[in-house]
Amino acid sequence: MAERKLPAPEQTPENRAWLDAAREGRFLLPWCDDCGRTHWYPRAVCPHCWSTKVSFKPASGRATVYSHSTMLRVDPPYTLAYVALDEGPLMMTNLVDRPAAGWQIGQAVRVRFTPAEDGTPVAVFAPA
């Protein structure tokens, strides 16, 4: 099954550390040093307590499918999803390496990186 090339993510000061780690094949999440909670997407302010003491820490890369929708009227078809990361946050992503009919809510998935149109790594999730 052919995979589509994903658009390149915008590179900002808030996601620079995440992109640098992704280029090395490492999956990081932003954590708040004040309240101890993680969140997704990378931003300078914790959405839970509004602290600016946010740092990146290694994450497991494991998740479960929370919801998904397959775009069938395009070539090639692709599946968008929200996955619930083991660390807590939901992440919008693409599901790969399985036909559209093969995805189920609650299915275990694992992160991998695929190059975007400009070569920047993008996190997608495949069956665990």
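From the N terminus on, the order is α-β-β-β-β-β-β-β. This is a predicted model: local features need pLDDT of at least 70, side-chain atom pairs count only at pLDDT 80 or more, and totals for chains, interfaces and linings use all residues. Residues are numbered from 1 along each chain as its sequence is written, and side-chain values use heavy atoms, with hydrogens and water left out.

**Overall shape**

- Along the principal axes, the C-alpha atoms fill a box of roughly 45 × 30 × 25 Å.
- Buried residues make up 38% of the 128 residues. Buried means under 20% relative accessible area, exposed over 50%, and partly exposed in between (1.4 Å probe, protein chains only).
- Of the contacts with a separation of 6 or more, 51% join residues 24 or more positions apart. Contact means heavy atoms within 4.5 Å.
- The chain exposes about 7,300 Å², and carbon and sulfur atoms supply 52% of it. Accessible areas come from the Shrake-Rupley method with a 1.4 Å probe; for residues, only the protein chains shown count as cover.

**Largest pocket**

- The largest pocket holds about 480 Å³ of space. A pocket is an open set of points on a 1 Å grid over the protein atoms alone, where a 1.4 Å probe fits, with protein on both sides within 12 Å along at least five of seven lines. Grid points are joined across faces, edges and corners, and the volume is the space filled by probe spheres set on the points.
- The lining counts 20 residues, each with an atom within 4 Å of a point. Pro-9, Trp-40, Met-91, Met-92 and Val-122 lie nearest the pocket centre.
- Helix H1 (16-23), strand S5 (90-95) and strand S7 (121-127) each supply at least two lining residues. S5 gives the most, with four.
- The lining divides into 14 nonpolar, four polar and two charged residues. Ala, Val, Leu, Ile, Met, Phe, Trp, Tyr, Cys and Pro count as nonpolar, Asp, Glu, Lys and Arg as charged, and the others, Gly among them, as polar.

**Loop between S1 and S2**

- Cys-46 sits in the loop between strand S1 (28-32) and strand S2 (54-58). Its relative accessibility is 0%, so Cys-46 counts as buried.
- Leaving out residues up to four places away in sequence, Cys-46 touches Cys-32, Cys-35, His-39, Ser-51 and Val-54.
- Trp-50 lies in the loop between S1 and S2 as well. Trp-50 counts as exposed, at 63% relative accessibility.
- Trp-50 has a positive phi of about 70°, although it is not a glycine.

**Other loops**

- A cis peptide bond, with omega about 0°, joins Asp-75 and Pro-76. Pro-76 lies in the loop between strand S3 (62-71) and strand S4 (78-85).
- Asp-97 is in the loop between S5 and S6. Asp-97 has a positive phi of about 70° without being a glycine, and counts as partly exposed at 46% relative accessibility.
- Asp-118 is in the loop between strand S6 (108-115) and S7. Asp-118 is partly exposed, with a relative accessible area of 49%.
- Asp-118 and Lys-5 are 113 residues apart along the chain, and their C-alpha atoms are separated by 9.3 Å.
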